[in-house]
Amino acid sequence: MIRVPVPPRFNFESAVVSHGWYLLAPFRWSARERVLHRAEILGGQPVELTISLDGRPGFSPALVVRGARDSAELRAKLGRMFQLGVDTSEFVTLARRSPDHAWVERVGFGRLLCSSTLFEDVAKIIATTNTMWSQTKKMVQLLVEKCGRGGAFPEPADVARFPANELQRDCRLGYRAKTLHALAGGIASGSIDTARISDPSQSTEELFKSYRTLPGIGPYGAAHLLAMDGRHDFIAVDTEFRRFVRERYHKGRAVSDKTMLRRYAKWGRWKYLAYWSELWSSIADRLVEPAQ
């Protein structure tokens, strides 16, 4: 068993169900047991992880991980998955001032569940574009089954070894197969340097532009990737954002994207998280455990 300390106000369940990633392979969430299962590649080999939270009174809260030996690689991947290095205190302070967002502090909302690698997050974003959520889940599941090892999400080289037409046929990726193959092949060959592209020393604007150089990543995807870095300056504008803002603020009337985005200007660098908290708040009351 491995214990990984968590930041103040960390809420495990809130982080897990923060958006739809927990429904995509290789994540498997047991709401009854409050345990997140995930196959992961560690030391080049697939392992089956079970992740939960030890929040007992009198103990420092920590993730409890079973299924693998302790390692720097494991801790780095867990840090990325749960955004353990992200400081959300400023967002919590802003939310505390808004009656409509007062619940944020109570449930420890503010961290988004991420994949353990940038490649996995980019691949999943590609799988969400121009399709239904049910199809996204199926595409990701088939990709894991075809290319992954031991149920883990495939590494770039695992995907690149299959031709694009085979990925299209067997994983039902449609036009996305060529994009995903180019992404995987570029990373595997070194022509796409993910460490350079995601270098956190870049300004948010620079990082946004950098992410847009990745195959299949436009403004929506780049904003989504920034949020997974804990940077919420840009809102990922899509049909769901437009529908939500129209219904919440404009009585269903059609308004411009510019007008919609102005609604969140007061949140400064937390704009995307503020919007996401409003969209997500309908499930907040299900989180019965307060933040630690």
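This is a predicted model: local features need pLDDT of at least 70, side-chain atom pairs count only at pLDDT 80 or more; totals for chains, interfaces and linings use all residues.
Colleague: Thanks! How many of the residues of helix 12 are buried?

Modeller: Helices here are DSSP runs (H or I, at least four residues; strands are E, at least two), numbered from the N terminus. Buried means under 20% relative accessible area, with exposed over 50% and partly exposed in between, using a 1.4 Å probe and protein chains only. The buried residues of helix 12 include His224 and Met228. Helix 12 is largely enclosed by the rest of the structure, because the buried ones number 8 of the 10 residues.

Colleague: Which helices are included in what covers the buried residues of helix 12?

Modeller: Cover is a matter of contact, meaning heavy atoms within 4.5 Å. Included in the cover of the buried residues of helix 12 are helix 5, helix 11 and helix 15.

Colleague: Are helix 11 and helix 12 parallel, perpendicular or oblique to each other?

Modeller: Axes are lines fitted to C-alpha atoms, for helices over the stretch in contact, and angles run from 0 to 180 degrees between N-to-C directions. Helix 11 (residues 204-211) packs on helix 12 (residues 219-228) at about 125°, and their axes are 9 Å apart. Angles under 35 degrees count as roughly parallel, over 145 as roughly antiparallel, 65 to 115 as roughly perpendicular, and the rest as oblique. Helix 11 and helix 12 are therefore oblique.

Colleague: Which residues does Phe208 contact, leaving aside its neighbours within four places in sequence?

Modeller: Phe208 sits in helix 11, and its 13% relative accessibility makes it count as buried. Phe208 also belongs to the set from helix 11 that meets helix 12, together with Thr204, Leu207 and Tyr211. With those sequence neighbours set aside, its contacts are Pro219, Ala222, Ala223, Leu226 and Phe234.

Colleague: And at what angle do helix 5 and helix 12 pack?

Modeller: Helix 5 covers residues 118-128, and its axis is 10 Å from that of helix 12. The angle between helix 5 and helix 12 is about 140°.

Colleague: Which residues of helix 12 make the contact with helix 5?

Modeller: From helix 5 come Leu118, Asp121, Val122, Ile125 and Thr128. Their partners in helix 12 are Tyr220, Gly221, His224, Leu225 and Met228.

Colleague: Now the aromatic rings: is the pair of Phe91 and Trp270 stacked, edge-to-face or tilted?

Modeller: Rings of Phe, Tyr and Trp (its six-membered ring) pair if their centres lie within 6.5 Å; planes under 30 degrees apart count as stacked, over 60 as edge-to-face and the rest as tilted. The structure holds 18 such pairs. For Phe91 and Trp270, the centres are 5.9 Å apart with 40° between the planes, and the pair is tilted.

Colleague: How many residues apart in sequence are the parts that Trp103 and Trp280 tie together?

Modeller: The ring centres of Trp103 and Trp280 are 5.6 Å apart and their planes are at 25°, so this pair is stacked. Because Trp103 lies in helix 4 (residues 103-107) and Trp280 in helix 15, the pair ties together parts whose separation in sequence is 177 residues.

Conventions
Residues are numbered from 1 along each chain as its sequence is written. Side-chain values use heavy atoms; hydrogens and water are left out.
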